[in-house]
Amino acid sequence: GEKIQDGVRAAFVGLPNAGKSSLFNALLGDERSIVSEHAGTTRDVVHERITLRGTQGDVSIRFEDTAGLRRSSDEVESIGIDRSRIAASRADLILWVVPLDAYEPSTVAAMRQEWDALSAAHARSIAIFTKTDVSDANRGMRVWGEELKSWGLPVLGATSTVSGAGLRELAKDLADHLDGQLRRDPGEVLLTREEHRQHVSESIRHLDRALQADMNDLFASDLRQAVLSLSPLIGITVPDDILDRVFSQFCIGK
């Protein structure tokens, strides 16, 4: 429900100069992130929301452009890299950006190190090749293709932000890839906030306990608690609850 309402969180992750910011900008159709040939240009996580059209319909995505992952002695860049890792750990989908112009052993080893460091997120990861316009792109695709296959990292597509090749196909494939996370059964009710899920879960616990009650008073008590647990969802809210929410979510002056 949160993914449908707020968008699926997808983080661009990879080594410096992999083409993350260029791909981010190209999919958005806007120069949102600074692009430079100098490594380490991106120092913070840049967020932007976009709607992509797939085979089954539109998918809302919250793209996050992140700083390139590497060891750095620069204090500001290091902070950005730490934020990149946090963004990756929280993302619904990690887009590993792999440049086809850099496939030497040291680059492969550096990316493998970052891949291993994010082992908990492997199931949420896919790879995207960039820079298909370079002269040795075919060799890069062979080297990286074999390497990523051994890691268990699937490749979604190959693109060039210079020529525009593969961008339209990537947008559609991304939407189709995420469609499974957003699909729901006909008539299925979706909860769009974590607190609502907690209230419903609490109500279900009371209903389960009511079914086990061996006295009418206990049954009625649990039934009442089940209804009260749902009160924020069905509009039954006591004044104190309203005041607590107002002061917790809004800045109220004197």
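Me: Buried means under 20% relative accessible area, exposed over 50%, and partly exposed in between (1.4 Å probe, protein chains only). Is K172 buried, partly exposed or exposed?
Reply: K172 is partly exposed, at 39% relative accessibility. This is a predicted model, where local features need pLDDT of at least 70 and side-chain atom pairs 80 or more, while totals for chains, interfaces and linings use all residues. Residues are numbered from 1 along each chain as its sequence is written, and side-chain values use heavy atoms, leaving out hydrogens and water.

Me: What does the side chain of K172 meet?
Reply: D176, in a salt bridge of 3.1 Å, N to O. A salt bridge here is a side-chain nitrogen of Lys or Arg within 4 Å of a carboxyl oxygen of Asp or Glu. D176 is partly exposed too, at 26%.

Me: How many residues apart are K172 and D176?
Reply: 4, in helix α6 (residues 167-182), so about one helical turn separates them. Helices (H or I, at least four residues) and strands (E, at least two) are DSSP runs, numbered from the N terminus.

Me: How many salt bridges in the whole structure?
Reply: A search finds 7. One of them joins E114 and R85, with the closest N and O atoms 3.1 Å apart. E114 sits in helix α4 (residues 105-117) and R85 in helix α3 (residues 75-90), 29 residues apart.

Me: Which of those two is buried? E114 or R85?
Reply: E114 is buried at 7%, whereas R85 is partly exposed at 28%.

Me: New topic. What's the strand order in the sheet?
Reply: The open sheet of 6 strands runs β2-β3-β1-β4-β5-β6, with mixed pairing. Strands pair if DSSP finds at least two bridges between them. The edge strands, β2 (46-53) and β6 (155-158), each pair on one side only.

Me: How do β1 and β3 run?
Reply: Parallel, joined by 5 bridges. A11 stands opposite E64 in β3.
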